[in-house]
Amino acid sequence: MAIVVQQGSASVSTASSQGIAVDSIISRLARECGDKPPDGYLSLKWLEDRYRQVWSASDWPFTLKTGVFQTVARITAGTVTVTNGSTTVTETTTNENGWSSAIEGRYFRALGDKAFYPISTFTNGTPDSLTLERAYEGTTGTDKSYSIFQHIYSLGSDVGRIDGISDLNQGRFLREISSDHLDETFPNRTTYGESELWANAGRDANDIYKVELYYIPSSVRGFQYRYKQEAPYLTSGADKTVPHIFESLLRHGWKADYWRWRGSMDDATGQEQAWSGQEEMLFSKELSEMSAREAQNRPPSKMRLADRYIRHRFYRA
């Protein structure tokens, strides 16, 4: 793909199928600034801000991707001893339940209870035990049946927006529902089985997108999700821009920021704001041209019913 860089009245074409290295762009831009270049921090920040502005301006085809995640099986083996007011759950019979550290972060529910509890730690002992994040609120008992399950899953680190989730085993899409409506309709999440709904569950401790599935998955299942990639952050060095974003577009945006910055200096001539406005106009023009170019590769979008209608249909089903 050709990258066209306008330098004064001359045009320089750079062929690239893998994007342009960030340092190469910044080096060329700095040379256009004469004896008043910005420092490296400002230069990179302007470039990154414009790059992310372009990235977020539209649902560009190159930002739309797919990913896969897999659910875990529900654990119900053996029985447990629970005590009202205690955070400790123990196996009734040593090593009968098949627990391991893998269940940390999942959820525990005793049979007959509606409440469920996040599991903070697993202790390998005689017998094995779990520590819940809050004290058990049910009735004290031994030989209780239970479930350990997971209904919230983290997705890829580059996910910015989820557009749909499908069950690869059933060959069907799950219905999206807001987290508020999920809480309102199924506050205790008591049903296990084949998931039919999904909701945005925020971000995990690593700032990675999470989704909640309902019904709560009972078995190992594969799910595919379609998403828009989150705008990446640029770093100096050999890190490259995507080839779909022309360097000339980034250059105009960067120069608009540069002249705005120069206009605030003591030696400003008074023309800087006008030059900044010119570059901003060229940036907008090239962004519109990019949108028209990429629209040819954009798949048709399907109209989606409002959430309240989806919820009503689910109630009727």
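In this predicted model, four strands form an open sheet in the order β11-β17-β16-β14, and their pairing is mixed. The edges of this sheet are held by β11 (152-154) and β14 (175-176), each of which pairs on one side only. Strands of a sheet pair through backbone hydrogen bonds, either parallel or antiparallel. For β11 and strand β17 (residues 209-214) the sense is antiparallel, and three bridges join the two; within β17, Val 211 is the residue that stands opposite Tyr 153.

Turning to the helices, two packed helices are described by the angle between their axes and the distance between the axes. Helix α2 and helix α5 pack at an angle of about 35°, with 11 Å between their axes, and α2 passes α5 in a right-handed crossing. The residues that meet across this contact are set out below.

| Helix | Range | Residues in the contact |
|---|---|---|
| α2 | residues 40-56 | Arg 50, Gln 53, Val 54 |
| α5 | residues 272-295 | Glu 280, Phe 283, Leu 287, Met 290 |

How many of the 16 residues of α4 are buried? The count is 14, and α4 is accordingly described as mostly covered.

Terms used. Residues numbered from 1 in each chain as written. Predicted model: local features only at pLDDT ≥ 70, side-chain atom pairs only at ≥ 80, totals over all residues. Heavy atoms only, no water. Axes fitted to C-alpha atoms, helices over the stretch in contact; angles between N-to-C directions. Left-handed = near helix turned anticlockwise from the far one by under 90°. Contact = heavy atoms within 4.5 Å. Pairing = 2+ DSSP bridges. Buried < 20%, exposed > 50% of the residue type's maximum accessible area, 1.4 Å probe, protein only.
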